[in-house]
Amino acid sequence: MGLSYLTLDRLSSTLSGGESQRINLATSLGSALVGSLYILDEPSIGLHSRDTEKLIHVLRRLQQIGNTVVVVEHDEDIMRAADEIVDIGKDAGRNGGTVVLEGNLNEVLTDGKQYNSYTVDYLRGDRCIEIPKRRRAWKKSVQVEGAAQNNLKDIDVTFPLEVMTVVTGVSGSGKSSLVKEVLYKALMRELGEPVGVPGTHRALTGDIRAIKGVEMIDQNPIGTSSRSNPATYLKAYDEIRKLFADQQLSKQMGFTPAYFSFNTDGGRCEECKGEGTITIPMQFMADIQVECEACHGKRFKQEVLDVEYRGKNIHDFLNMTVNQAIDFLSEVNGNQEKKIVGKLKPLQDVGLGYIKLGQSSSTLSGGENQRVKLAYFIAQEKQQGTLFIFDEPTTGLHFHDISVLLKSLNRLVDNGNTVLIIEHNMDIVKSADWVIDIGPEGGEAGGEIVTAGTPEQVASCKTSYTGHYLKEKLKS
């Protein structure tokens, strides 16, 4: 399963999602069950292309001894290895949910028919993620000297500034130890904002003063409250509330923008406190949530819902997708409408136009949370000199989503920032200005710099697993 680098006393709470899933799979392999249905949700998460090959071999073994294997996946290698493929789309959210393709992938790719499928377009090569015409040059950098956290072998690493850098390597090679434990925590301490004790290293040197701030953009939820949503996170909801408070009926009733918030008393439904649901505690079972009988899930009092902007009340408005709201508001050329569109546009730019404005943050996936955070920083156009660290931002993303994501990442760099990505996806690696490959293996056999350079230089390194797979990507 490619987990030989794990120590036997490793705490399960420290395992990544992909590692936990593969341990469960190893358990199933050992039991040698027959006639079972295995459903795996993105087992390639956190896997290098070298390890994905091992995973495919294991899944095929499960199938060959008499089991059925169903995989929810975006990884190209796993798709190509499948006997049957079901493609759902074409787009996301309200524009998805349709089976656009079902059948044997090899037959589909060679039959010459036209399919309304992004997956087929990318696998056939009709669409592709372009290799950049040039790699950005860099002069400033930060150096980590003597990094020895976990399995790192007392290594010196140079991280370029004002370019896009990818740190890659097989699973367990030491990427997270280097970037998240050593570099991130050491930089935060230098900037006077400590986030914990930095991992073992001798020194942090270089152009540290060129870095104005460091942002770790992970996949943790954007808010802990069920009332938090993408619109509140990007401060678009503040402008939406002002828009409704400016309507004639609001002025007559004396409604301020606060009346259109479900976080404060006044306009929200007092029965459910703006939640839209009532939680019924069950002593020995999971609590039950039922729709609020007072507001029927609309979260506001009726007199507030009576206020409409061009035929839509606040509940209708929050129920619109980002794309729908931008189209709806763009029909009017008012200042308030422009402000809201300006706040929402970054969500569209990172490929989240399909999510609803009032969608609870608890319903967003890890990848969606990460892209909402990215949209927030894109909205801060004037921000320069920030180091953005991303941990596998392609998790849960299709080729088409990755293409959109790359445009946003490049925009951050073009605005004078630095982007550092821990990643296995070869489309991201081939699009970087600089690549740092760690390994060569996982665990004790890893923790060294295999090679560092442009994607072309890494591809020419014969001892690099990343170079081997990158070479194929650069050809295509």
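Q: Axes are lines fitted to C-alpha atoms, for helices over the stretch in contact, with angles from 0 to 180 degrees between N-to-C directions. At what angle do the axes of helices α14 and α15 cross?
A: In this predicted model, local features need pLDDT of at least 70 and side-chain atom pairs pLDDT 80 or more, while totals for chains, interfaces and linings use all residues. Residues are numbered from 1 along each chain, and side-chain values use heavy atoms, without hydrogens and water. Helices are DSSP runs (H or I, at least four residues; strands E, at least two), numbered from the N terminus. The axes of α14 (residues 366-379) and α15 (residues 399-414) come within 10 Å and cross at roughly 35°.

Q: How many charged residues are in the contact of α14 with α15?
A: Arg 371, Leu 374, Phe 377 and Ile 378 of α14 meet Asp 401, Leu 405, Ser 408, Leu 409, Arg 411 and Leu 412 of α15 (heavy atoms within 4.5 Å). Asp, Glu, Lys and Arg count as charged. Beside 6 nonpolar residues and 1 polar, the charged residues number 3.

Q: Which elements give two or more residues to the lining of the largest cavity?
A: A cavity is a set of 1 Å grid points where a 1.4 Å probe fits but cannot get out, and lining residues have an atom within 4 Å of a point. The largest has a volume of about 60 Å³, and its lining includes Phe 159, Leu 183 and Leu 420. The elements are β6 (155-160), α6 (175-190) and β13 (418-422).

Q: Which charged residue lines the second largest cavity?
A: This cavity has a volume of about 50 Å³. Its lining has 4 nonpolar, 4 polar and 1 charged residues. Alongside Leu 161, Gly 385 and others, the charged one is Glu 162.

How values were computed. 1 Å grid on protein atoms, 1.4 Å probe; cavity = no way out; pocket = protein on both sides within 12 Å on 5 of 7 lines; lining within 4 Å. Points joined across faces, edges and corners; volume = space filled by probe spheres on them.
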